[in-house]
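Hi,

Here is the structure I promised to pass on to you. Have a look at it first, and then read on for what turned up in it.

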Amino acid sequence: MPETTVTNWFGDIVTHPQVVVEAASVDDIVSVLKNPNQYPSPVRAVGSYHSTSPCGSADGGTIIKMSKMNRILEITPDTVTVEAGAIYIDIAAALAEKRLQFHVNTEIGSLSAGSAACAGTKDASMPGEFGQVGSYVCGIKMVLASGDLLEITDSQPELMRTVRSSYGTFGIVYQVTFRVRPVAPLSVRHENYSLQDFTANLPALKAGGESLMFYIFPFDGQITVEFRHYNPGADGDPNRALWPLRNYLWATAGPAVCAQAGRDIADLTIRYQVIDAFNALWRLKLTVLMKSDNTVAADQIIRYPAVAGASRYTFSLWAFPEEAYPQVMSDCFDFCRKYYTDTGYRSDMLFVGYRVTQDQNSLLSYSYDGNAMTIDPVSTANPGWEAFLIAYNQFCSDHGGTPLLNQTKGVTRPQVEKALGSRWQTFADARKTYDPQGRLLNAFFRDLLGE
Ligand SMILES: Cc1cc2nc3c(=O)[nH]c(=O)nc-3n(C[C@H](O)[C@H](O)[C@H](O)COP(=O)(O)OP(=O)(O)OC[C@H]3O[C@@H](n4cnc5c(N)ncnc54)[C@H](O)[C@@H]3O)c2cc1C
């Protein structure tokens, strides 16, 4: 059988499955899993394949594309049930018609329900809430490797905890139910800090009872903090232009300008002065323009183009215990500057970070042991990015970081074992009980599991 080529959304991860199936029904998925001669192993499902790691790769095997299974099946006052290929921004729009919203409003609108149910996500936790989408998944229907069906609800919390971070290695998710909440006005503002001021103010920022997200500028030594909280008392109509402005500058203009600077300006010193000046403008826009007492949370969700264009960007995630964050941030700035001095490479975009509350709803949660904060380099993948990530991964692992298997490119087995410890072994044992033959196990997970 001839092989075909599938890439992730960004285009830097390439896989060659023998068969690609566009599932239109649960029967299509059952048929794949029950017929290994026609549909070779490994079998991997993908939603929008926005992942930045090869977690969805299926070299020599079968990829099931889920995007045709995108129906919204039922909305109740506190839940929404969808097919696994439905994407977050479409579900959010359907919820809005009923004056409902997600708890976690990631900027990624392309996130498919199937991925949300069994893979990692990140967003700054709102006060009293979790920052990982899967923690609000309360029902999952899967086709197991055997082709049998399994339904799980959060009345089985241990099973749910494991499946929420199973990455399609237990079965293929075909239906998902999320807990949702009534729409509430969302207040947002930004403040800029030097690293020194950020470190001094962090205890007060954490005590302030707002969600904290960070735009991080290692080469300027600056951090812009985004503060959000729900503001039920807000008057009047919400500001519907604010998040579209952020989204346009962040996901369209920003990456395009940075990539263009890389193409146009050969002199590294001048190129990065131009990029740093653009970053200074970005901080100014955030602090001056991006504030309102009354916005709509779902407006934060971005509809990325189906095919990545000139504005494509990628990133990598590592989470740290929040107590260690100021020191890790300071060391990270030093690390990035030294790496630039030594190699001539720096990422052409800023970094971001999220404060994510302690969350044990999924086994491989990066905030399992306590509140976590992330440092995520963002890039248009300018030449040198891949090698930088290898060094950055080791820096983060040495600083006690935890990776995310669908969002940390180049992570190694020792780094995963160090970060996840006995939870990784628990995952390995559970996976074997669901799929002893390894029908769903691709090279990426096989390598990380040492199988
Ligand atoms: C530009 C950009 C911005 C991003 N912003 C964010 C952000 O703000 N927050 C965030 O959390 N992430 C973000 N991401 C990362 C991305 O959202 C996550 O990696 C997420 O998993 C993508 O969803 P997806 O549907 O594309 O998943 P995929 O990449 O298709 O799949 C993820 C994993 O889940 C498995 N899987 C998918 N569907 C199923 C299924 N139905 N059954 C079983 N297994 C399945 C896949 O095999 C794979 O292992 C961003 C990525 C990019 C490129």
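A quick definition before we start: a pocket is an open set of grid points with protein on both sides within 12 Å along at least five of seven lines, and its lining residues have an atom within 4 Å of a point. Please keep in mind that this is a predicted model.

With that in hand, the largest pocket has 24 lining residues, and Gly-47, Ser-48, Tyr-49, Ser-67 and Ala-306 are the ones nearest its centre. Its volume is about 540 Å³. Both β1 (6–7) and α2 (88–96) give at least two residues to this lining, which is made up of 11 nonpolar, 10 polar and three charged residues.

The second largest pocket has a volume of about 290 Å³. Among its 18 lining residues, Arg-99, Val-183, Pro-238, Arg-240 and Val-296 lie nearest the centre. Here β15 makes the largest contribution, with three residues.

Now for the ligand. Where does the ligand sit? The space it takes is the largest cavity. Around the ligand there are 34 residues, with Ala-45, Ser-51, Ser-112, Ser-115 and Lys-122 coming nearest.

- Arg-44: a side-chain N or O atom is 3.1 Å from a ligand oxygen.
- Gly-47: a polar backbone atom is 2.7 Å from a ligand oxygen.
- Ser-112: a polar side-chain atom is 2.7 Å from a ligand oxygen.

On its own the ligand has 960 Å² of accessible area, and the protein covers 99% of that.

Happy exploring!

Methods. Residues numbered from 1 in each chain as written. Predicted model: local features only at pLDDT ≥ 70, side-chain atom pairs only at ≥ 80, totals over all residues. Heavy atoms only, no water. Near = heavy atom within 4 Å. Polar contact = N/O pair within 3.5 Å; in protein donor to acceptor, adjacent residues only side chain to side chain. Areas by Shrake-Rupley, 256 points an atom, 1.4 Å probe, with all protein chains shown as cover. 1 Å grid on protein atoms, 1.4 Å probe; cavity = no way out; pocket = protein on both sides within 12 Å on 5 of 7 lines; lining within 4 Å. Sits in = over half its atoms within 2 Å of the grid points. Points joined across faces, edges and corners; volume = space filled by probe spheres on them. Helix = DSSP H or I, 4+ residues; strand = E, 2+ residues; numbered from the N terminus. Nonpolar A, V, L, I, M, F, W, Y, C, P; charged D, E, K, R; others polar.
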